[in-house]
Amino acid sequence: MQTRKRDLLTACRLAEKAASRETKWRPAFHLSPPAGWMNDPNGLCWFQGRYHIFYQYAPFGTQPGLNFWGHVSTADLVEYACHPPALCCDESFDCHGVYSGSAVVMGDILHLYYTGNVKHAGAHDYVHTGRDHHTVHAESTDGVHFENKRVVLSHADYPADVTRHVRDPKVFYDDGTLVMLLGARRQDGRGEVLVYTGETPDIWKFSGAVTSEEKLGYMWECPDGFSMGGQYFLSFCPQGMEADGILYQNLYQSGYAPLSGRFTENPHIGEFTEWDRGFDFYAPQTFLDAKGRRILVGWAGMPDLDPSCNPTHSMGWVHLLTMPRCITCEEGRLLQNPLPELEALRLAPRTEDIQGRSWIRTPEVFEAWLEITSGPSGEVLIRDSCRLSWQNGFLTMEFVKNGYGRGSRTAEIPVLKRLRIFSDTSILEVFVNNGEAVFTSRFYPDAEDEGLEISGCTGTVTLWGLRKFSCGREHI
Ligand code: FRU
């Protein structure tokens, strides 16, 4: 398999070398694929003094395909190094894609767990027959080279009532116990999470399944688990949930729910809350860093959308990851805020009072911090394209231009006091109040679409241009 690995990595390097050098819509401070397609963040961790971010990466085209794990690392979340793919589909047990998974540090070794996707030829629906989802383990001593890939769980080890869709292992320590969560689609059309405990990094025992009392979709992808403030949470991505008023408007959902106890205690799950209220957010993963912060990174994308939603297909690349976000818990609710490290990107600030109607010139890439002192309504038009408007306790993001099929999304925000708008070349991340909601969305403005137009409210706006972060591509 060494030859296949070498050939795949050479082909990847060539695809990256041949990638278009067109910079329009390439982000300044978000991670994007060197070539081709990017989806879920994988294997997030802090190892030997660096943050490692892996991601689903299909370098040979702008559709998901034979996915690899792309890889970047950074000591400070501002200067990144871009490494060769950490994992590629070079074994019989992962030959149709190294799918999503996670990392866990044990002493001097970084352990990765992922799903080896295999599709068999024949007349299959690939849900009930024709597919293998192996749970695979690999190791590294330097965080860059991964060896010794081996299957630790396969269908014979999964419960009899699940389909062939069992994937996305998330492995973590809970109070000294090694726990693995796997997303699953049951035969009866419900989603659930399988819980395993590890006797060793290779020997796993089934502990139970976590599901909801009322059906939440047919498949739960990308599970994650953690505790905060004494409360356990399950994060997961249900597919197949119906929209309900202003909720669950995207094709697939991504959210979290509190648990009644530990993962190994057959817990019940509480109310499901969406992580993000914008158009482009899916498959987030969290990890604890050396400072004890729980950090979340999501995919600023959505599976199975029409390619016309993202015009960079024609430039040979598509999708981004979100900024890393710090997660905290307040009265049972999870708050998301940008990390202070990103402030290193700020250029000179400018503060202006807002009164009536103001038009504020902005650079192409900026952060704007609005402190709102007036009453229940107002609006901000960002780069002539995206209108944020608030009225009677609801905040709406609406694309008037450059949304490429994106319309509007609304969240209930009883009192709006603050908006932190991060506007990169082709993505908006808007943090509301103290982080009680976030709206993430791609958009594709032209250079002449500029400025912030604020009306119907009073307060102040502080604006920073943001410089580009570096992502050295030394291996290309
Ligand atoms: C979520 C997902 C995962 C899977 C991966 C494949 O976006 O479908 O369930 O492992 O993408 O790229």
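In the predicted model, a polar side-chain atom of N67 is placed 3.0 Å from an oxygen atom of the ligand. The protein buries 90% of the 320 Å² that the ligand exposes when taken alone.

The shell around the ligand comprises N39, D40, Q56, N67, Y99, S100, R167, D168, E221, C222, Y282 and W299. By residue class, this shell divides into 4 nonpolar, 4 polar and 4 charged members. Several strands contribute to the shell, with at least two residues each supplied by β1 (36-47), β5 (98-106), β9 (162-174) and β13 (219-228). The space that the ligand takes up is the largest pocket.

A further feature concerns N402, which is located in the loop between β27 (394-399) and β28 (408-412). The relative accessibility of N402 is 14%, and this residue therefore counts as buried, the cut-off for that class being under 20%. The side chain of N402 also takes part in a polar contact, at 3.0 Å, with the side chain of S385.

Note on methods. Residues are numbered from 1 along each chain as its sequence is written. This is a predicted model: local features need pLDDT of at least 70, side-chain atom pairs count only at pLDDT 80 or more; totals for chains, interfaces and linings use all residues. Side-chain values use heavy atoms; hydrogens and water are left out. A residue is near a molecule or strand if one of its heavy atoms lies within 4 Å of it. A polar contact is a pair of N or O atoms within 3.5 Å; within protein, one must be able to donate a hydrogen and the other to accept it, and residues adjacent in sequence count only if both atoms are side-chain atoms. Accessible areas come from the Shrake-Rupley method with a 1.4 Å probe; for residues, only the protein chains shown count as cover. On a 1 Å grid over the protein atoms alone, a cavity is a set of points where a 1.4 Å probe fits but cannot get out, and a pocket is an open set with protein on both sides within 12 Å along at least five of seven lines; lining residues have an atom within 4 Å of a point. A molecule sits in a cavity or pocket if more than half of its atoms lie within 2 Å of its grid points. Helices (H or I, at least four residues) and strands (E, at least two) are DSSP runs, numbered from the N terminus. Ala, Val, Leu, Ile, Met, Phe, Trp, Tyr, Cys and Pro count as nonpolar, Asp, Glu, Lys and Arg as charged, and the others, Gly among them, as polar. Buried means under 20% relative accessible area, exposed over 50%, partly exposed in between (1.4 Å probe, protein chains only).
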